[in-house]
Amino acid sequence: MSFSEEVGQFFALTAAQSAQLEAGLIALEQAFQQAESDVVNTPAFASRFYQKFQQLIRAFAIDENHVEAFLEHLYATERYRQLVTYIVPSYYAAGGDRKVFEELYQEMLSDEQI
């Protein structure tokens, strides 16, 4: 099953919406990778990056109540694992509540130690 089909089923998106979401995720990942490393580590960049992520998912009716499940799904998908490692720390660097994404963040830390 493709990413678009999986996400579409889980979040009730059409095939076209799923494809658009996937394209948006790829663009978001590329934007992070193209940013200078000294810029990426600033709260201002982190805030803008996380806001872009929020705008993207809101466009597909993935609200704050479902964002954690969405990120967990992405993290479980090899293709988007790296993107999640950009999104969650950006949320924290932007001043986000450390209790949000706590389990996912711990899983990410554990995976890095392997």
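A crossing of two helices is called left-handed if the near helix is turned anticlockwise from the far one by less than a right angle, and right-handed if clockwise. Helix 4 passes helix 6 in that left-handed way.

Before going on, the ground rules. This is a predicted model, in which local features need pLDDT of at least 70 and side-chain atom pairs count only at pLDDT 80 or more, while totals for chains, interfaces and linings use all residues. Residues are numbered from 1 along each chain as its sequence is written, and side-chain values use heavy atoms, with hydrogens and water left out. Helices here are DSSP runs (H or I, at least four residues), as strands are (E, at least two), numbered from the N terminus.

Now helix 4 and helix 6. Helix 4 covers residues 43-58 and helix 6 covers residues 81-93; their axes come within 8 Å and cross at roughly 120 degrees. That makes helix 4 oblique to helix 6. Axes are lines fitted to C-alpha atoms, for helices over the stretch in contact, and angles run from 0 to 180 degrees between N-to-C directions. Under 35 degrees counts as roughly parallel, over 145 as roughly antiparallel, 65 to 115 as roughly perpendicular, and the rest as oblique.

Which residues meet there? From helix 4 they are P43, A46, F49, Y50 and F53, and from helix 6 they are L83, Y86, I87, S90, Y91 and A93. Contact means heavy atoms within 4.5 Å. By class, this contact of helix 4 with helix 6 has 10 nonpolar residues, 1 polar and no charged. Ala, Val, Leu, Ile, Met, Phe, Trp, Tyr, Cys and Pro count as nonpolar, Asp, Glu, Lys and Arg as charged, and the others, Gly among them, as polar.

Next, helix 5 and helix 6. Their axes are 7 Å apart, and the packing angle is about 140 degrees. Helix 5 and helix 6 are therefore oblique to each other. Helix 5 also passes helix 6 in a left-handed crossing. On the helix 5 side the contact uses L71, L74, Y75 and A76; on the helix 6 side, R81, V84, T85, I87 and V88. The contact of helix 5 with helix 6 divides into 7 nonpolar, 1 polar and 1 charged residues.

Helix 6 itself has 13 residues and spans 19 Å from its first C-alpha to its last, close to the 18 Å expected at 1.5 Å a residue. That expected span is 1.5 Å times one less than the number of residues. Its buried residues are L83, V84, Y86, I87, V88, S90, Y91 and Y92. Buried means under 20% relative accessible area, exposed over 50%, and partly exposed in between (1.4 Å probe, protein chains only). What covers these residues includes helix 2 (15-34), helix 4, helix 5 (67-76) and helix 7 (102-113). After helix 6 comes G95, with a positive phi near 100 degrees.

Back in helix 5 sits A69. A69 is partly exposed, at a relative accessible area of 29%. Beyond its neighbours within four places in sequence, A69 is in contact with F10 and F11.

Last, backbone phi. Most residues other than glycine have a negative phi. Where does A12 lie? A12 is in the loop between helix 1 (3-11) and helix 2, and its phi is positive, about 55 degrees, although A12 is not a glycine. A12 counts as exposed, at 67% relative accessibility. A61, also not a glycine, has a positive phi of about 60 degrees. A61 lies in the loop between helix 4 and helix 5 and is exposed, with a relative accessible area of 67%.
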